[in-house]
Amino acid sequence: MSKGNVLVIGNSGVGKSTLINSVLGEECAVTGYGTTGTTQELSIYENDSVPFRLIDTVGFEPSFRKASKAVRSVKKWSRESALDGHEESRISVIWCCVEGTSRKLFPDTIKTMAKAISMWPSVPVIAVITKSYSVPERRENIMMVHEAFSSYKKMSGRVRRIIPVVAMTYRLNDEASAPPEGITDLIEATNDLLPEGIRASSHDISKYKLSRKRAFAHSAVGLAATGAAVVGAVPIPFPDAVILTPLEVSEINTISRIYGIDRSDKLVKFVDSIVEVGTVSTVARAAVNALKSIPGINAAASAVNAVIAGSIVAAIGESSIFAFEQISSGDRSIADLEWVKSLTESNLSGQFISKVTDAVRSLNGQQDPGKIAETVIKLFTKYI
Ligand SMILES: Nc1nc2c(ncn2[C@@H]2O[C@H](COP(=O)(O)OP(=O)(O)O)[C@@H](O)[C@H]2O)c(=O)[nH]1
Ligand SMILES: [Mg+2]
């Protein structure tokens, strides 16, 4: 398959590698061809689902001397690949990465980027604002980047889009985090800028975007389940599942943001409805009782409780992923509280206890919260 090449530039530490990982997924491969001798300055990644490679300019630094070394490496890569008979070594899009957490853009950074992109005169540019954790500051960040880039004639006409992103969940504290955001917009915008012959169909891009959202949502469930395994690890009979409420609210809100659901009173009611089902602690009690009566289970009470807590949060997370997918595709309404309640209930009954039992058995007393989360997630995940 013919592919485009996206050049990713930005100072070291700005988040290029994290961004590339987020766009392509962890299963992306480092491409082999044409990189001999340039691996210190460049790493090139791709996967089968996206019609572009990502070229990470590892050696890009604000000093123009270092940046130009990276630029030369890219040029060299293009040339050598072309000589090798690879026609697809032309740069199709450039991502200029700047950090959203810094309040001002240093002139040197912009100047170096302007010089670097002038080496590829007609290639469209997307300005990517990385680490854009603060939603209220986003608009200001976009203005700042817009102004900084407009002040360079060479750049101003070339920046087609300014996209703020969070590439990886950023944890503010136990109850609040900034989930990945902007990544699927960036994928779509980049595809739109590719030459026609290479561009993926909108159907394929939608499919890929959905798979990225699922990956982000599952990782959010993983974080929440790990937190639950920590909170739940107490040696007394399972306490009221209310102790998991803050974690669950944060988990469900995170998933709603990943699926691009607008904040509204309706969303608050929707989230409450899911949590309410989880706090009906009969679920946990039933699980504890069931586990007690099964011969051969002799894990410590705290280990069992940690598994139950992790399982409740994992089950709620899976219900939420399913629910928000249906809502974002327009198949269901956010006002349909009865539907989401029964959906959540079904994930917390029936098979729930047998899944928890399996998890307790296979963990065999291991108390590491990360391990517990990993095990219960496997049992509750439908899509993988
Ligand atoms: N939580 C979080 N951390 C990030 C994000 N982007 C970058 N980082 C962190 O910032 C640091 C530098 O990122 P890296 O991708 O290595 O930057 P590079 O030098 O441009 O490749 C690393 O510690 C990353 O974990 C993000 O979106 N979320
Ligand atoms: Mg890097």
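Helix α14 has 12 residues, and at 1.5 Å a residue these should span 16 Å; the end C-alpha atoms of α14 are 16 Å apart, so expectation and model agree. The model is a predicted one. The buried residues of α14 are P369, I372, A373, T375, V376, I377 and F380. They pack against three other helices, α7, α11 and α13.

A similar check can be made on α8. Its 14 residues should span 20 Å at 1.5 Å a residue, and its end C-alpha atoms are 20 Å apart, which agrees. Helix α8 is mostly covered, with 11 of its 14 residues buried. Those buried residues include L247, I252, I255 and I258, but also E248, E251 and R257. Among the elements that cover them are the strand β9 (176-178) and the helices α7, α9 and α11. After α8 comes G260, which has a positive phi, near 70 degrees.

In soluble globular proteins, nonpolar side chains tend to be buried together. The largest nonpolar core here holds 56 residues, and the members that touch the most others are A225, A228, V307, A309, I312, V313 and V376. At least two residues of this core come from each of α7 (202-232), α8 (245-258), α9 (265-279), α10 (282-292), α11 (301-328), α12 (337-347), α13 (351-363) and α14 (369-380). Helix α11 gives the most, 15 residues. Leaving aside residues up to four places away in sequence, A225 touches G310, V313, A314, G317, A373, V376 and I377. Apart from this core lies another, of 55 residues, with W77, M113, I126 and I162 among its members.

How is the chain divided into domains? Domain 1 covers residues 4-200, and domain 2 covers residues 213-380. The centres of the two domains, taken over C-alpha atoms, are separated by 37 Å. Where domain 1 and domain 2 meet, 10 residues of domain 1 are in contact with 12 residues of domain 2. On the domain 1 side, the touching residues are three nonpolar, four polar and three charged.

The next feature is the ligand. Which residues are closest to ligand 1? They are G15, K16, S17, T18 and A167, out of 14 residues that surround ligand 1. Helix α1 (residues 16-24) supplies the largest share of this shell, three residues. By class, the shell around ligand 1 is made up of five nonpolar, seven polar and two charged residues.

Finally, the chain as a whole. The protein chain contains 14 helices and nine strands. Its C-alpha trace spans about 70 × 45 × 35 Å along the principal axes. Of its 384 residues, 45% count as buried. Among contacts in the chain with a separation of 6 or more, 75% are between residues 24 or more positions apart.

V376 is one of the buried residues of α14, is among the core members that touch the most others, and is touched by A225. A373 is likewise a buried residue of α14 and is touched by A225.

Terms used. Residues numbered from 1 in each chain as written. Chains lettered and ligands numbered in written order. Predicted model: local features only at pLDDT ≥ 70, side-chain atom pairs only at ≥ 80, totals over all residues. Core = buried A, V, L, I, M, F, W, Y, C linked by C-beta atoms within 7 Å. Buried ≥ 20, exposed ≤ 12 C-beta atoms within 10 Å, placed from the backbone. Helix = DSSP H or I, 4+ residues; strand = E, 2+ residues; numbered from the N terminus. Contact = placed C-beta atoms within 7 Å. Domains from an automatic or database assignment. Nonpolar A, V, L, I, M, F, W, Y, C, P; charged D, E, K, R; others polar. Near = placed C-beta within 6 Å. Expected span 1.5 Å × (residues − 1).
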